[in-house]
Amino acid sequence: MLTMLGDLERIGDLCLDLSEVWERKEELDLKFSEGTEKYLRTMTEKVDESFKNLNENLAKEYIHVDISRAQELEDQIDELLQEIRLSHLKSLEQKEDTVQNGLVYKDLYSVLERIGDHIYSVNKSLVDSVKS
């Protein structure tokens, strides 16, 4: 239970981090390419799906929680992260993006991925709590 609470608190902290990075983007008036925007939108949608799945699981009796969907979403987020990293490196190498844009972009997708990790950990804790 403490692990689950720690993960939930960390999700809140990461959401705050995400908003601060976005504020920095806005303050610096940074513009992302269409491809970058698409990747961020896709990552955000996957994390949102993970949140919805977590809410569904939290509403159930924990003995009825099946984390197969949570695992599937976590895997999709991890695969997307690898795709984003490769695309990001390519755009930096080809000078399609500024270093400042690249740093903010990296912060955004990294925080989103970490939120996904903690969401999965909460789901896992629900299942583990029944086994204890």
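User: In this predicted model, how far apart are N and O in the salt bridge between the side chains of Asp128 and Lys124?

Analyst: A salt bridge requires a side-chain nitrogen of Lys or Arg within 4 Å of a carboxyl oxygen of Asp or Glu. Here the side chains of Asp128 and Lys124 meet at 3.5 Å, N to O. Both residues belong to helix 4 (residues 99-131), where they lie 4 residues apart, about one turn of the helix.

User: Which residue forms a salt bridge with Glu72, and which residues are linked with it in a network?

Analyst: The partner of Glu72 is Arg69, with the closest N and O atoms 2.5 Å apart. Because the two are 3 residues apart in helix 3, about one helical turn separates them. Glu72 is partly exposed at 37% relative accessibility, and Arg69 is partly exposed at 30%. Lys46, Glu49, Arg69 and Glu72 are linked in a network of salt bridges. The structure holds 9 salt bridges.

User: Which residues form a nonpolar patch on the surface?

Analyst: Patch residues need over 30% relative accessible area and no salt bridge. Met1, Leu2, Leu5 and Leu8 form such a nonpolar patch, with about 450 Å² of accessible area together. Leu8, in helix 1 (residues 2-27), is partly exposed, at 34% relative accessible area.

Methods
Residues numbered from 1 in each chain as written. Predicted model: local features only at pLDDT ≥ 70, side-chain atom pairs only at ≥ 80, totals over all residues. Heavy atoms only, no water. Patch = residues over 30% accessible without salt bridge, like charges linked within 9 Å, V, L, I, M, F, W, Y side chains within 5 Å. Areas by Shrake-Rupley, 256 points an atom, 1.4 Å probe, with all protein chains shown as cover. Buried < 20%, exposed > 50% of the residue type's maximum accessible area, 1.4 Å probe, protein only.
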